[in-house]
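Biologist: Could you walk me through this model, please? I'd like to start with a strand and end with the aromatic rings.

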Amino acid sequence: PRQPAKTLWYDRPRYVYLEFCVEDSRDVKVVIEDQRLVFSCKNADGIEFYNEIDLYARVNSKDSREKRSDRSITCFMRKWKEKVAWPRITKQNIKPAWLSVDFDNWRDWEGDEEVERAMVEQYAEV
């Protein structure tokens with residue numbers, strides 16, 4: 001049986017970030033479409049994780065990517081409309097139990113564009 005992965009998200013002027021918290025992931029599949037994201041993987045114990053998110057707004061799927069680490073898979077999706085805040089990640093105004101705001105990375109946007117650019121470049125190097 002599949003189960004949803006614990007997921008954290010935060011909003012920036014140009015990108016929306018999602019972190020799927022699965023340690024020692026394998027068989028990772030991330031499909032980023034303009035209005036939807038589908039994530040699946042297995043962990044070291046063979047448990048299957050699956051998340052499907054209808055996104056709050058449109059993203060540029062061609063300028064979006066993911067990065068896998070030992071502890072999680074982080075996706076960053078380029079917003080179609082930059083500098084427009086997303087009040088939530090999901091299209092529906094419901095909050096699934098597995099989804100939380102990443103308050104450690106949530107900030108005011110004031111002067112944040114340089115920080116964001118550096119983060120994206122850091123991800124892109126891997």
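**Strands and rings**

Biologist: Which residue in β8 is the bridge partner of V59?

Modeller: This is a predicted model, where local features need pLDDT of at least 70, side-chain atom pairs count only at pLDDT 80 or more, and totals for chains, interfaces and linings use all residues. Residues are numbered from 1 along each chain as its sequence is written, and side-chain values use heavy atoms, without hydrogens and water. Strands are DSSP runs of E, at least two residues long, numbered from the N terminus. In β8, V59 finds its bridge partner in K79.

Biologist: How many bridges join β7 and β8?

Modeller: Two strands pair if DSSP finds at least two bridges between them. β7 and β8 (residues 73-79) run antiparallel, and their bridges number six.

Biologist: Which strands are at the edges of the sheet?

Modeller: The open sheet has five strands with mixed pairing, in the order β7-β8-β3-β2-β9. Pairing on one side only marks the edge strands, β7 (59-68) and β9 (99-101).

Biologist: What kind of aromatic pair do Y15 and Y17 make?

Modeller: Rings of Phe, Tyr and Trp (its six-membered ring) pair if their centres lie within 6.5 Å; planes under 30 degrees apart are stacked, over 60 edge-to-face, and the rest tilted. Here the centres are 6.3 Å apart and the planes at 45°, so the Y15 and Y17 pair is tilted.

Biologist: Is Y17 buried or exposed?

Modeller: Buried means under 20% relative accessible area, exposed over 50%, and partly exposed in between (1.4 Å probe, protein chains only). Y17 has 0% relative accessibility, so Y17 counts as buried.

How values were computed
Helix = DSSP H or I, 4+ residues; strand = E, 2+ residues; numbered from the N terminus.
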